[in-house]
Amino acid sequence: MEGGAYPDACIYNVLMNGLFKKGRITDAKKLIVEMLGNNVSPDEFVYATLVDGHIRCGDFAETEKFFNLMVERGVDPGLVGYNAMIKGYCKFGRIKDAICCISRMTRRRIPPDEFTYSTIIDGCIKQKNLFSSLGVFTHAVKWNRSSNVVIYTSLMNGFCRSGDIAGAVKILRDMQSHSMAPNVVTYTMLIGSCCKEGKLAEASLFFEEMLMSKCTPNHVTFHYLVNGLSNNIPFSILRTESKPMLLDIFGTMISHGHQPISAAYASIIAYLCMKRMLETALLLMDKFLEVGIMLESVTFSALLCGVCSDGKSDEWRSIISSRISEIDVDVAIQYLYKFECYSTPEVIKQVSLILQGLLRECNSMENKILLFPQNSGVDKGEH
């Protein structure tokens, strides 16, 4: 090298990473040889790059050979290096070798982290080896290492994929008993599994628990709920006396002749409004509008409840009108009575006054359908 200056491990790592990404594995290997020839010791990030690169090229055996050789020579791969190897073992279905890595790490006093455990648990689950995943989880708890939400969620995923929702719920409750709050991935996974199994009541209850825990749903959560509701409409939904709010609203709409997909969208937005999550409801509604789904009378009544609950009854036109094309005021009033048991008397009174005013406006035009002009320049984000 010019001036006697040689690249360090960091520079070699960057160069090798670039070569692996371009599929130039031969050139990357030459850099490794050059690196060792220049007495530059690989660090843990170099090991991670080697493993990831060879995984991309399907040549994991070569990396394993190099990794073991370096360990035999007393080089410490570090946490990143071992995690990279564990990822590789799991990628190629070698779960036993991945688990053995934990023992090797322990002997070298390298504590496994959440990535270590969650990667192996996910690998066990992909191999449909739930027993081994439980063993890894027990090890994580025993060592008090990363027995956190990520690890619990990974294990719950295994139970859900095997159709054992009861087992997943048991893990959820155990996690909560250790003062760990489930995140959006945890709840969404449970909701999706319940919907897949046609257990809509359970999915609705988990959705309610999610909102009560101040955990905001994401687009995947809503996707599972919409598909679950619209694709599973057993008559028991309509006949059950005591049922979750979401199913109650959905069942009422179905019984009144609404299409399943529209009823599903409207029920979710209504539910969010009843739970005082107007911001989330409006964002979700805007997503529906983007794909051409127009929500009308039932949603309008629910949104008014949300607006009034937030103390913004005087601003309802600027918040809602740009999102609604037309409403049947009679239908909106009909569903307001449905929402009475899910809102406060004061909110229902305010919404009723707004709807009665709109009804008088319609009667003056001898029309029960109220049209809202679109593209009026109202900013949908202004709420």
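Exposed means over 50% relative accessible area, buried under 20%, and partly exposed in between, with a 1.4 Å probe and protein chains only. Helices are DSSP runs of H or I with at least four residues, strands are E runs of at least two, and both are numbered from the N terminus.

A word on the source. This is a predicted model, where local features need pLDDT of at least 70 and side-chain atom pairs count only at pLDDT 80 or more, while totals for chains, interfaces and linings use all residues. Residues are numbered from 1 along each chain as its sequence is written, and side-chain values use heavy atoms, with hydrogens and water left out.

Now the overall picture. The protein chain has 21 helices and two strands. It has 383 residues, and 48% of them are buried. Take contacts, meaning heavy atoms within 4.5 Å. Among those with a separation of 6 or more, 66% join residues 24 or more positions apart.

Back to helix 1. It runs over residues 9–21, which is 13 residues. From first C-alpha to last it reaches 18 Å, close to the 18 Å expected at 1.5 Å a residue. That expected span is 1.5 Å times one less than the number of residues. Which residues of helix 1 are buried? Ala9, Tyr12, Asn13, Met16, Leu19 and Phe20. What covers them? The cover includes helix 2 (25–37) and helix 3 (44–56). Just after helix 1, Gly23 takes a positive phi of about 80°.

Met16 leads us to the core. A nonpolar core is a set of buried Ala, Val, Leu, Ile, Met, Phe, Trp, Tyr and Cys residues joined through side-chain atoms within 4.5 Å. The largest one has 125 residues. Those touching the most other members are Met16, Phe207, Ile268, Leu272, Phe300, Phe339 and Leu355. Helix 16 (residues 260–274) gives the most to this core, with eleven residues. Look at Leu355. Beyond its neighbours within four places in sequence, Leu355 is in contact with Phe300, Ser301, Leu304, Val329, Ala332, Ile333 and Leu336.

Asp248 sits in helix 15 (residues 245–255). Asp248 is buried, at 12% relative accessible area. Its side chain makes a polar contact with the side chain of Tyr342, at 2.4 Å. A polar contact is a pair of N or O atoms within 3.5 Å; within protein, one must be able to donate a hydrogen and the other to accept it, and residues adjacent in sequence count only if both atoms are side-chain atoms. Leaving aside neighbours within four places, Asp248 is in contact with Lys243, Lys338 and Tyr342.

Glu209 lies in helix 12 (residues 200–212). Glu209 is buried too, at 18%. Outside four places in sequence, Glu209 is in contact with Leu172, Arg173, Gln176 and Tyr187.

Last, the cysteines. How many disulfides are there? Zero, taking a disulfide as a pair of cysteine sulfur atoms within 2.5 Å. For Cys100, the nearest cysteine sulfur is that of Cys101, 7.6 Å away. Cys100 counts as partly exposed, at 44% relative accessibility. For Cys160, the nearest is that of Cys194, 7.4 Å away. Cys160 counts as buried, at 10%.
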